[in-house]
Amino acid sequence: MSAGPNAFSSTVDAFGPAPLPSARTVLVGVDGSDTAMRAAAAAFGFARRQGARLVVTFVACHSSLGAFSPAVASVFEHETAATLYAELRDQVRELAEELDVPVTFVKAFGDPVTVLRESADQCQADMVVVGASQQAGHRFAGSVATRLIRAGHWPVLVVP
């Protein structure tokens with residue numbers, strides 16, 4: 001699969017029913033990892049039970065592969081992000097329709113903490129849901145979840 005010229009552009013799609021004007025908003029960050037997918041499942045369940053709208057945010061960020069071979073790494077990252085985005089988008093659409101949950105699916109590029117923080121502020125999220133990090137280095141540098149909790153704007157639910 002070849003990533004087109006717009007593969008790195010941000011997009012917003014809406015699935016499921018229209019949200020009620022007074023509905024609360026739950027934001028969940030997804031990246032395709034097991035913990036992120038469990039976080040998405042928890043967020044869908046919470047949104048369904050609470051009659052909330054769900055904002056699913058897929059953040060693609062550049063890896064450190066670029067230091068080895070910038071051209072090859074860029075193409076690989078481009079194609080991987082486009083494929084993962086398409087798969088996640090289809091899964092989110094199916095769940096939104098099946099569970100009758102109003103969902104906004106956002107694709108953005110950048111630092112995950114920055115993008116999730118800005119997305120949560122922009123949609124006036126009542127809660128942010130993320131998966132727990134599985135990377136050992138995050139004990140020292142801080143995980144996405146820890147950095148979002150420190151931002152202190154909204155409750156953060158961390159799903160193992």
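This is a predicted model: local features need pLDDT of at least 70, side-chain atom pairs count only at pLDDT 80 or more; totals for chains, interfaces and linings use all residues.
I'll start with helix α1, residues 34–50. How far apart are the end C-alpha atoms of α1? They are 24 Å apart, and 17 residues at 1.5 Å a residue should span 24 Å, so the two values agree. The buried residues in α1 are Thr35, Ala36, Ala39, Ala40, Ala43, Phe44, Gly45 and Ala47. As background, an α-helix has 3.6 residues a turn, so residues three or four places apart point the same way. After α1 comes glycine 51, with a positive phi near 65°.

Next, the helix pair. Helix α3, residues 112–122, packs against helix α5, residues 144–151, at an angle of about 40°, and the axes are 10 Å apart. That angle makes α3 oblique to α5. The crossing of α3 past α5 is right-handed. On the α3 side, the contact is made by Pro112, Val113, Leu116 and Arg117; on the α5 side, by Val144, Arg147, Leu148 and Ala151. By class, the residues of this contact are 6 nonpolar, 2 charged and no polar.

Last, proline 102. Where is proline 102 placed? In the loop between α2 (70–99) and β4 (103–109). Is proline 102 buried or exposed? Its relative accessible area is 12%, under the 20% cut-off, so proline 102 counts as buried. Leaving aside residues up to four places away in sequence, proline 102 touches Phe15, Pro17, Ala18, Pro19, Ala52, Arg53 and Leu54.

Notes: Residues are numbered from 1 along each chain as its sequence is written. Side-chain values use heavy atoms; hydrogens and water are left out. Helices (H or I, at least four residues) and strands (E, at least two) are DSSP runs, numbered from the N terminus. Buried means under 20% relative accessible area, exposed over 50%, partly exposed in between (1.4 Å probe, protein chains only). Contact means heavy atoms within 4.5 Å. Axes are lines fitted to C-alpha atoms, for helices over the stretch in contact, and angles run from 0 to 180 degrees between N-to-C directions. Angles under 35 degrees count as roughly parallel, over 145 as roughly antiparallel, 65 to 115 as roughly perpendicular and the rest as oblique. A crossing is left-handed if the near helix is turned anticlockwise from the far one by less than a right angle, and right-handed if clockwise. Ala, Val, Leu, Ile, Met, Phe, Trp, Tyr, Cys and Pro count as nonpolar, Asp, Glu, Lys and Arg as charged, and the others, Gly among them, as polar. The expected span of a helix is 1.5 Å times one less than its number of residues.
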